[in-house]
Amino acid sequence: MSKDDLLVLHALRCGGWSSVARVAEATGLAEADVESELIDLGIDGLVTYDSGAFGAWGLTAAGKVADADRINDELESAGARPAVAAAFERFLVLNPELLDLCTAWQLRAVDGVMTVNDHHDAAYDARVLDRFADLDRRVAPVHTELSTALHRFGRYETRLTGALARAAAGESDYLADRIGSYHAVWAELHEDLLATLGTPR
Amino acid sequence: MRWIRPLSGDTDEPVEILGAKAQGLLVLRRLGLPVPSGFVITTDACREFLRAGRFPEGLADELVGAMAWLAAGTGRRFGGARDPLLVSVRSGASVSMPGMMDTILNLGLTSEAAAGFAAEDSRFAADLLSSAAELPDDANAQLTSAVETVFESWNSSRARTYRELNDIPHDLGTAVIVQAMVFGNRDEHSGTGVAFSRDPDTGENVPYGDVLFGHQGEDVVSGRTATHPLCELASREPTVWTGLVSALATVESHYRDACYVEFTFQSGELWLLQVRPGRFVGGAAVRVAVELADAEVITREEALLRVSPQHLSQVRTPHMTSADVIARGIGAGPGVTVGRIATTTEAAVRLSADGPVILVRPETSPHDMRGLAAATGIITARGGPASHAAVVARSMGKPAVVGVAELVVDSGSVRFGAQVIEAGSVVTIDGTSGEVARGAARATTNSTDAHLHRLLAWADDVTGDHSDREESRRLIAAQAALRLR
């Protein structure tokens, strides 16, 4: 298999059932290239397309096994396990804070009642966004460690920084409220770290 | 002493110095309720530590003296092989920052002390060691390091972010409470739990909470062991139950409000570890205020001032009415929804072609996004209000119940405690109250709440305006009038 196959296969492993566009976004590959990789992976029985209202590409059971093997080979042959494991530890320290921030974006305590944030208080929203930016700065060294250890991890920094930039520019659902949001990409990074290290949830 | 105060009834200083948790413990002491012996290191000491990066002058000596006092009072020896004394070290700031700072248990568990416990009871000693942290084998060094860790946890980035978001100043610091350990894992007549003096969901005047038999409190937090409804204490440990119910009544009459306590019982003996007012919201807040006024514990005017307009709109949020509630978790995405249970994303997508589906998972990951998109509601066993499932459910505007501790997800069915529900069966979830019910329950908007009607009638009595207006305006007008008095 080529390197791009693994990127596509692993994007489905970490992102779950996905459209071609989402896999392209996750991998940084062109949609046409993703599509042809998916077709080849499908012929090998590693991925499948499920049509219907929630039509999407996903891994087969064989695909999940193949991904685990190849991702483990990649990790071990690069001698990257210690570095990825250390970066994961640092990620886990920041993870509860990211989840706190997403919650603070969605909910506010008003007289002790957790209430859906109606986003009428611009000062509060700006403060939450500011804390996201602060967290993003603090996670940067983790991205550097990861992408130094395994090049493919570099994509997460691009995607997270991109989501934050869109949120800062006014598309505020890019923080926690849509596919491709900071929260969604962060969760994929979390899943990737678990999958790469072979750690069960 | 400059930095340390004993947890004894005559210690009386402001919350800014002692922290809210220590103040609660002092209240319990003054009320004659059982509190493990201990002392509190003031927020001044914390601020000084954070400024200078080391213990302030004199604190180390005071700590040695306070430990000697504690050992003498309990008749045990810190780090000793015979009658070893273990202590807990807990944070306690003047403002509430739930879950943000550290608690460290079982300090003083040196190899010598462990041998001492093993001589008394080998099972108990093994249980203590199984949860022991990596620490130096010196009791005083353990204690010093634990106090430093709790001081430093004030400035963890997560705690800083929490304060930024909640307008809490960064320079308050936390007090640190050191207490003789009491052991919920001591024997079969031991355990730990949390209790409200009234039901926090409904406000009904019955004790409510969770109890864990034979374990320490951190086993609840770690999700290693399932809790039981508090009322099971009545049959299993009737003496502890009687003591707890009586303590709840005592603290209620002190605070003149519904209360929350944390407790441990060791070999059948009850100990209280924390108390605070219950901070009820919504319909529960209304009901408690009205019933306390009826009982003449508070005046009608006080009742009106205790209920915020925000609580009224919460009363009006649609909620589930069912006689067949099978589980309770944390409501993490508001709303009530009915659907058939699916235990995998694939099953959720498949089933959703024929009608609404509730996705039930141990926890969620990106794999479940498609299932979450297909489902009308979500239940998870693990995670809190900030978990992946909760954040995603809210982003999709879907009801969610998370952290259902007794939930086990099997392949073709789910179990809530002893009750097995087959995949494909219909359940209802209430993402506000956190309840899960069997079958299709009704969602109703509470428009005939008797307590609310009475409260609003009192509001109209205050303003003299009995015209037909929005409920929150009736309350706000009464509160404005009362605040001018």
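1. Let's start inside chain A. Domain 1 of chain A and domain 2 of chain A bury about 1300 Å² between them, 56% of it on carbon and sulfur atoms; buried area here is the accessible area (1.4 Å probe) that two parts lose on being put together, summed over both. Of the area that domain 1 of chain A buries against domain 2 of chain A, 42% is supplied by Cys14(A), Glu25(A) and Leu75(A), more than by any other three residues.

2. A word on the model before going on. It is a predicted one, in which local features need pLDDT of at least 70 and side-chain atom pairs count only at pLDDT 80 or more, while totals for chains, interfaces and linings use all residues. Residues are numbered from 1 along each chain as its sequence is written, chains are lettered from A and ligands numbered from 1 in the order in which they are written, and side-chain values use heavy atoms, with hydrogens and water left out.

3. Where do the domains lie? Domain 1 of chain A covers 3–75 and domain 2 covers 80–197, with bounds that come from an automatic or database domain assignment. Their centres, taken over C-alpha atoms, are separated by 24 Å. The contact (heavy atoms within 4.5 Å) takes 14 residues from domain 1 of chain A and 15 residues from domain 2 of chain A.

4. The rule finds 4 salt bridges across it, each being a side-chain nitrogen of Lys or Arg within 4 Å of a carboxyl oxygen of Asp or Glu. A salt bridge also joins the side chains of Glu188(A) and Arg22(A), at 3.2 Å from N to O. On the side of domain 1 of chain A that touches domain 2 of chain A, H1, helix H2 (20–27) and helix H4 (61–77) of chain A each supply at least two residues; helices (H or I, at least four residues) and strands (E, at least two) are DSSP runs, numbered from the N terminus. The largest share of that side, 5 residues, comes from H1(A).

5. Next, the partner chain. Chain A and chain B bury about 3100 Å² between them, and 59% of this is on carbon and sulfur atoms. On the chain A side, Trp17(A), Phe54(A) and Arg127(A) lose the most area to chain B, together 21% of what that side buries. The contact takes 37 residues from chain A and 34 residues from chain B.

6. Which charged pairs link the chains? The count between chain A and chain B is 4 salt bridges. Arg131(A) forms a salt bridge with Glu164(B), where the closest N and O atoms are 4.0 Å apart. Among the elements of chain A that each supply at least two residues to the side touching chain B are helix H1 (3–15), helix H5 (81–106) and helix H6 (122–149). H5(A) provides the largest share of that side, 9 residues.

7. Finally, a look at one residue of chain B. Arg300(B) is placed in helix H13 (residues 300–306) of chain B. Is Arg300(B) buried, partly exposed or exposed? Arg300(B) counts as partly exposed because its relative accessibility is 43%; buried means under 20% relative accessible area, exposed over 50%, and partly exposed in between (1.4 Å probe, protein chains only). Leaving aside neighbours within four places in sequence, Arg300(B) is in contact with Ala293(B), Arg454(B) and Trp458(B).
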